[in-house]
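Keep the structure in view as you read.

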Amino acid sequence: MTKNKFEKIRNWEHWPSSMFYVPNLPYAFYLAIRAKHPAFFSAANPAIKSSGNGTESKYHTIQLVPEKFRPKSILVKPNTDVLNTIREINAKKISFPLIAKPDIGFRGLLVKKINTEDELIKYLNNYPIDIIIQEFLTHENECGIFYHRKPNEDKGHITSITLKNFITVTGDGKSTLNELILNDDRAKMYIDLFKEIHAKNLTKIPETDTNIKLTVIGNHSKGTQFINGNHLITKKLEETFDNLSKSIHGWYYGRVDLKYNSFENLENGTDFKVLEINGIIAEPTHIYDSKKFSYFQALKAIRIHWKSLFQIAVVNHKTNKIPYKSAKKFISEMFELRRYISSIKKLQ
């Protein structure tokens, strides 16, 4: 066993998702019994397909966000003429570099920063699926904010803020980029990923005090470190998200991943862009700050959020007459998602 693999086993932050959900299944069954329906959670976010179980279109979901808060984006269908795609990108005033990602996907799967037109053409040819092309946002910071509000109440709650620390190495004027990565305790655990991203620069020696950001994708699977930012939760920030929730009729529960420059502006509801809105499968990702949370505290935090999900879904069902999706249909969608994810993994 390599040292990197041992570290990932030792540190629960890197454990597979099943380790966080299988132990909590008895509580999920308990909530289903209380709701008298196995797929009660499907009524939580009527604005999103199946309330955001992972089968929803990310493109159509982001269109629910007020235009001033969302990045410029287009949806590219499989086998679309590349020239038409380029024209649409230009019409939207999206410039290189840009972000390309699957319309349906999670955990950073196939999300890439594209620097040139040739790279984009290669990407689209390699992945003949629905692809979102999105402007590359240059805001300094990224975070994930978990918000939930009962449909019969005006005020909601923020219960998780995850600050994202992108892995960066600093040149010393002597070491190659590859050596700098291997000398960094966190970066070396993602060496295979960084060898792919920085293949052309691995043997180059960065100048002294030059900072090299190894990834720009704010996903845990891409090496980004998740830091508990719950101390930043304020009434003002919750008011901002109350307004955002009310502007998206039918979204009550989930995590918003966003970019911003200053937290003060974010708190005041200005100068931020929403990257994605995640629904019922969203995680309160602050729990992956393993320096501040234990594994069992992480499990408890998931249950607490599931309790809120239960309350929202039941109110929507009883008061707003939102139907629960049939368990058969919901399970069918999940199997369909599993097949889809398996198929696009083979494209990597």
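## The second largest cavity

Helix α11 (residues 295–318) gives the second largest cavity the largest share of its lining, 3 residues. Helices (H or I, at least four residues) and strands (E, at least two) are DSSP runs, numbered from the N terminus. On a 1 Å grid over the protein atoms alone, a cavity is a set of points where a 1.4 Å probe fits but cannot get out, and lining residues have an atom within 4 Å of a point. The lining here is Tyr21, Tyr253, Ala282, Pro284, Ile302, His305 and Trp306. By type, 6 are nonpolar, 1 is polar and none is charged. (Ala, Val, Leu, Ile, Met, Phe, Trp, Tyr, Cys and Pro count as nonpolar, Asp, Glu, Lys and Arg as charged, and the others, Gly among them, as polar.) This cavity holds about 30 Å³ of space.

The model is predicted: local features need pLDDT of at least 70, side-chain atom pairs count only at pLDDT 80 or more, and totals for chains, interfaces and linings use all residues. Residues are numbered from 1 along each chain as its sequence is written, and side-chain values use heavy atoms, with hydrogens and water left out.

## The largest cavity

How many cavities of 30 Å³ or more are there? The count is 2. The largest has a volume of about 90 Å³, where volume is the space filled by probe spheres set on the grid points, joined across faces, edges and corners.

Strand β11 (272–278) supplies 4 lining residues, the largest share. α4 (58–62) and β4 (131–135) each supply at least two. Among the lining residues are Glu56, Lys101, Gln134 and Leu275. The lining divides into 4 nonpolar, 4 polar and 4 charged residues.

## Helix α12

Helix α12 (residues 327–345) has 19 residues. Its first and last C-alpha are 27 Å apart, close to the 27 Å expected at 1.5 Å a residue. That expected span is 1.5 Å times one less than the number of residues.

Phe330, Glu333, Leu337, Ile341 and Ile344 of α12 are buried (under 20% relative accessible area; exposed is over 50%, partly exposed in between; 1.4 Å probe, protein chains only). Seen down the axis, these buried residues fall within an arc of 75 degrees, so they line one face of α12. The arc is that of the directions from the helix axis to the C-beta atoms. Exposed Lys328, Arg338 and Arg339 sit on the face turned away from the buried side.

## The largest nonpolar core

A nonpolar core is a set of buried Ala, Val, Leu, Ile, Met, Phe, Trp, Tyr and Cys residues joined through side-chain atoms within 4.5 Å. The largest one has 33 residues. Trp12, Phe20, Phe40 and Phe41 touch the most other members. α3 (25–35) and α11 are the elements that give two or more residues. The largest share, 11 residues, comes from α11.

Methods. On a 1 Å grid over the protein atoms alone, a cavity is a set of points where a 1.4 Å probe fits but cannot get out, and a pocket is an open set with protein on both sides within 12 Å along at least five of seven lines; lining residues have an atom within 4 Å of a point.
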